[in-house]
Amino acid sequence: MQQVNSSHAKAPRRLDTLIIGAGFGGMYALHRTRNMGLDTHLIEAGDDVGGTWYWNRYPGARCDVMCIDYSYSFSDDIQQEWAWSEQFAAQPEILAYARFVADKLDLKRDISFNTRATSVRYDDERTLWRVQTDCGDVFEAKYCLMATGPLSVPKQLDLPGTSTFKGAIYLSGKWPHHDVDLKGKRVAVIGTGSSGIQIVPVVAEQAEHLYVYQRTPSFTLPMRNRKLEEDYVAHIKAHYPGLRKAARHSMTGGIRPITHRPLFSVTPAEREKLMEEAWQRGGSHFLGLFSDLLTNSEANEVVAEFVRGKIAEVVNDPDTARRLTPRGYPIFARRPCLDTGYYETYNRENVTLKDCLEHPIIEITENGIRTADGVVEVDVIIAAIGYDALTGAMLSIDIEGKEGRSLKDKWADGGRSHVGLMIEGFPNLFLISGPNGPSALANFILLAEQNVDWICDCIRHLDANGLRSIEADAGAENWWMNKVTTLGSMTLYPTANTWYTGANVPGKPRTFPVYVGGLGRYREICDDAAAQGYSGFTLK
Ligand code: NAP
């Protein structure tokens, strides 16, 4: 962090709204607040827009939500002008889309790039947020919007000996901006979550040899991506209003059909047929097959067993197939992955699975990776080891609310907020895709649009009524947290060790800070609170 000498400190820039983060949430917040006539500005640590799609440039990076869902819905101009080329877009296309939107809305003139917030502190007397940055800039804003992202703080590879490694180490979530040539190299990939599963098939085609260090095997389903034909795109464009409306009120923020059919309501033969059809169709059809997959462990096990059978069908070596087969946690309680040729990759001569459940990594050496069965020499290590999710980005900034209350103390036992939008003790600080909303389980772009629209309506209400501040009530926050926990505990999600629960970060409190009631119901709850004069909040 750059220290700012007070005698040379820049004069604070006074604003109505400061937005932190130029991912899809922050970009939309900038557009909306500017159109409301507010004096607004955005700061972003990277040198371009795009957020997660700016940082995640690893080989094979692709969104596993269909792009007709995973794109802005607020502007018909944008959705009519932009044409997606594939059903599941690759990272370069999504980044190009973010840039296209930024140019179309002329966002960059109000963004300071290469600027990271270091402290965000509330001035009680002046009722404004004072934000310091690593460039020495100081902003003072009545409202502060945290669009810092739920998956934006990658875990660092901190295995013993990491600093002695003489080759190159790349983090999937901080991939370099220059070309990385892996041709003819011996490469290790550590981690087999969504990122690792996308990386492995692509790197296997380039590397001389690829060693995949797998700890917990993931369940992954075939993506079966396809190019989008012109007539399909035209059809979607003609029907966008209806599709978007359905998505906004759905569970996940997408147009995937859902069912009210419990698994055991159909015969074993019919189930098998449904699962096989969904497997062959690919994408996330599987997730919408039965209504009780995340509430009934026996139903869950039937589907898990079907997918396990597919691994055995695809992977030639029975021992490798056995090690790739997930056991001991419910399918879909870890975020489901969609892959392209993942299991097939293990049939290649140049790919070796290293089972870290049997032989954990002991250390990184100068030339490779040591486990109890020896050292494997490699030239490159790719760490796809996940994120300090949901709360990590907010806690990486020194945030102090009313009367100097620190967010770190407030969140010592896990992220707390009222409806994922505001935190008791932190007036006029708004969260976008914050913890305790449906974030981990919903389409981030549609959720961000809902959050930003609610926040902008709230700001308009405050300003129209000459009010200085809004703050979540302690009682309302307790009520919401109780609701989130109670609903979560009725599902299988909390039973798995995942970034959803914080179990992936040593020392992080284990909670399940995600609202499982779905985006549509969440929207109604937020709208109801606003309609009742912001019940659950104190306005001054
Ligand atoms: P992740 O799901 O948390 O997976 C991290 C992997 O690293 C796990 O397999 C973990 O094993 C492993 N790992 C961590 N430390 C290790 C160690 N010391 N030794 C061996 N293995 C180790 O992270 P991710 O793959 O980056 O995905 C995170 C989330 O980002 C996804 O769930 C998804 O929401 C999002 N994402 C989305 C897309 C997309 O297509 N839209 C693509 C990529 C990511 P354990 O499980 O045993 O800890």
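The legends below describe close-up views of a predicted model.

**View 1. Domain 1 and domain 2 bury about 1700 Å² between them.**
The domain assignment divides the protein into domain 1 (2–153 + 389–539), domain 2 (164–219 + 333–386) and domain 3 (256–317 + 324–331). The contact between domain 1 and domain 2 involves 19 residues from domain 1 and 17 residues from domain 2. Taken over C-alpha atoms, the centres of domain 1 and domain 2 are 32 Å apart. The size of an interface is often given as the accessible area lost when the parts come together. Of the area buried between domain 1 and domain 2, carbon and sulfur atoms give 55%. On the domain 1 side, the residues that lose the most area to domain 2 are Y58, P59 and D64, which together account for 37% of what that side buries.

**View 2. Salt bridge and polar contacts across the interface of domain 1 and domain 2.**
One salt bridge is found across this interface. D64 forms a salt bridge with R335, and the closest N and O atoms of D64 and R335 are 2.8 Å apart. D64 is also one of the residues of domain 1 that lose the most area to domain 2. Six residue pairs, with both residues at pLDDT 80 or more, are in polar contact across the interface of domain 1 and domain 2.

**View 3. Strand β4 and its two pairings, with β5 and with β17.**
Strand β4 covers residues 117–123, and five of its seven residues are buried, so β4 is largely enclosed by the rest of the structure. β4 runs antiparallel to strand β5 (residues 128–133), and six bridges join the two. Within this pairing, V120 stands opposite V131 of β5. β4 and β5 make a hairpin with four residues between them. In the turn, T127 has a positive phi of about 45 degrees. β4 runs parallel to strand β17 (residues 398–400), to which three bridges join it.

**View 4. The open sheet of three strands, β13-β14-β15.**
Pairing in this sheet is antiparallel. β13 (363–364) and β15 (374–377) are the edge strands, each pairing on one side only. β13 is joined by two bridges to strand β14 (residues 368–371). The bridge partner of E363 is R370 in β14.

**View 5. A salt bridge between E366 and K166.**
The side chains of E366 and K166 meet with an N to O distance of 2.9 Å. E366 is in the loop between β13 and β14, while K166 is in the loop between β6 (138–146) and β7 (168–171), and 200 residues separate the two in the chain. E366 has a relative accessible area of 41% and is partly exposed. K166 has a relative accessibility of 62%, so K166 counts as exposed.

**View 6. A salt bridge between R186 and D379.**
The N to O distance between the side chains of R186 and D379 is 2.8 Å. R186 belongs to strand β8 (residues 186–190) and D379 to the loop between β15 and β16 (380–383), so the pair ties together parts that lie 193 residues apart in sequence. R186, at 26% relative accessibility, counts as partly exposed. D379 is partly exposed as well, with a relative accessible area of 25%.

**View 7. A salt bridge between the buried residues E477 and K410.**
The side chains of E477 and K410 meet at 2.7 Å, N to O. E477 lies in helix α14 (residues 474–489) and K410 in helix α12 (residues 407–410), 67 residues apart. Both E477 and K410 are buried. Elsewhere, salt bridges that share partners join D319, R322, R323, D355 and E358 into one network. The structure holds 39 salt bridges.

The relative accessibility of T325 is 12%, which is under 20%, so T325 counts as buried. The side chain of T325 reaches the backbone oxygen of A321 at 2.6 Å. With neighbours within four places in sequence left aside, the contacts of T325 are P217, R308 and I311.

How values were computed
Residues are numbered from 1 along each chain as its sequence is written. This is a predicted model: local features need pLDDT of at least 70, side-chain atom pairs count only at pLDDT 80 or more; totals for chains, interfaces and linings use all residues. Side-chain values use heavy atoms; hydrogens and water are left out. Buried means under 20% relative accessible area, exposed over 50%, partly exposed in between (1.4 Å probe, protein chains only). A polar contact is a pair of N or O atoms within 3.5 Å; within protein, one must be able to donate a hydrogen and the other to accept it, and residues adjacent in sequence count only if both atoms are side-chain atoms. Contact means heavy atoms within 4.5 Å. Two strands pair if DSSP finds at least two bridges between them. Domain bounds come from an automatic or database domain assignment. Buried area is the accessible area (1.4 Å probe) that two parts lose on being put together, summed over both. A salt bridge is a side-chain nitrogen of Lys or Arg within 4 Å of a carboxyl oxygen of Asp or Glu.
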